[in-house]
Amino acid sequence: SNGTSTATPSTSQVVSVSGTYYFRALSAAGCWGPQGSITIVIDTPPAAIAGGATAVCTGANTPAFTNSTGGGAWSIVNGTGTASITSGGVVTGLTAGNVTVVYTVGSCSVTRSLTINTAPSAISGGASTVCTGSVTPAFTNAVGGGTWSISNGTGSATITAGGVITGVSAGSATVVYTIGTCT
């Protein structure tokens, strides 16, 4: 009753349209049991996640992740790293590693991976000035594994992998220490 019967009773049926489905058990003797029903909602998966970033530093925020489907909720599945996410899709990196950004609408979800990189600490050592042709003591960072570089401004300099700067021309330059995407 209340619907179309299947031609052959079976233990499972495949449905592809949302609606209320009715069922009855058939005994070995051929007798039908009482009718039951279940309402099935078939959700459409949300669109792919857009915006955001592929990596963020610990203690820093990503631009907002977005989804054109709307009406969903953001969450994080922590993996080797940890992060938090706002209802607006902005992720804050908490500990280094990998996490999964999840957008859920109804019972369907889409995901995107995000790497959380360790943010370097403040640069120490070195010197605030150097003469052209001279070198500084080594600059250091308490968080290892990064690389040193120079952002030349009105002056120029070079820097070794060990953080020692050689002045090239008079003016200012910026010492940069980078770990992953964090500087």
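# Pocket lining, ring pairs and an open sheet

User: Which strands each supply at least two residues of the lining of the second largest pocket?
Analyst: They are β14 (156-159), β15 (165-169) and β16. Strands here are DSSP runs (E, at least two residues), numbered from the N terminus.

User: What kind of model is this, and how are residues numbered?
Analyst: It is a predicted model, in which local features need pLDDT of at least 70 and side-chain atom pairs count only at pLDDT 80 or more, while totals for chains, interfaces and linings use all residues. Residues are numbered from 1 along each chain as its sequence is written, and side-chain values use heavy atoms, with hydrogens and water left out.

User: Back to the pocket. Which strand gives the most to its lining?
Analyst: In the second largest pocket that is β15, with 4 residues. The lining comprises 21 residues, and Ser-128, Thr-129, Val-130, Gly-171 and Ala-173 lie nearest the centre.

User: What counts as a pocket and as lining?
Analyst: On a 1 Å grid over the protein atoms alone, a pocket is an open set of points where a 1.4 Å probe fits, with protein on both sides within 12 Å along at least five of seven lines; a lining residue has an atom within 4 Å of a point.

User: How much space lies in it, and how does the lining divide by residue type?
Analyst: The second largest pocket holds about 280 Å³, a volume being the space filled by probe spheres set on the grid points. Its lining has 11 nonpolar residues, 10 polar and no charged. Ala, Val, Leu, Ile, Met, Phe, Trp, Tyr, Cys and Pro count as nonpolar, Asp, Glu, Lys and Arg as charged, and the others, Gly among them, as polar.

User: New topic: how many aromatic pairs does a search of the whole structure find?
Analyst: There are 4. One of them joins Phe-65 and Trp-74, which are tilted at 6.4 Å centre to centre with 50° between the planes. Rings of Phe, Tyr and Trp (its six-membered ring) pair if their centres lie within 6.5 Å; planes under 30 degrees apart count as stacked, over 60 as edge-to-face and the rest as tilted.

User: Are Phe-65 and Trp-74 buried or exposed?
Analyst: Phe-65 is buried at 2% relative accessible area, and Trp-74 counts as buried at 14%. Buried means under 20% relative accessible area, exposed over 50% and partly exposed in between (1.4 Å probe, protein chains only).

User: Why is the pair of Trp-148 and Tyr-177 tilted?
Analyst: The ring centres of Trp-148 and Tyr-177 are 4.5 Å apart and the planes stand at 50°, so the pair is tilted. Trp-148 lies in strand β13 (residues 147-152) and Tyr-177 in strand β16 (residues 173-178), so the pair ties together parts that are 29 residues apart in sequence. Both Trp-148 and Tyr-177 are buried.

User: Which residues do ring pairs link into a cluster?
Analyst: Phe-65, Trp-74 and Tyr-103.

User: And the open sheet: what is its strand order?
Analyst: The order of its 4 strands is β4-β10-β9-β6, with mixed pairing. β4 (55-57) and β6 (73-78) are the edge strands, each pairing on one side only. Two strands pair if DSSP finds at least two bridges between them.

User: How do β4 and β10 run?
Analyst: They run parallel, and 3 bridges join β4 to strand β10 (residues 108-117). Val-56 stands opposite Ile-116 in β10.

User: Where is Gly-72?
Analyst: Gly-72 is in the loop between β5 (65-66) and β6. At 30% relative accessible area, Gly-72 is partly exposed.
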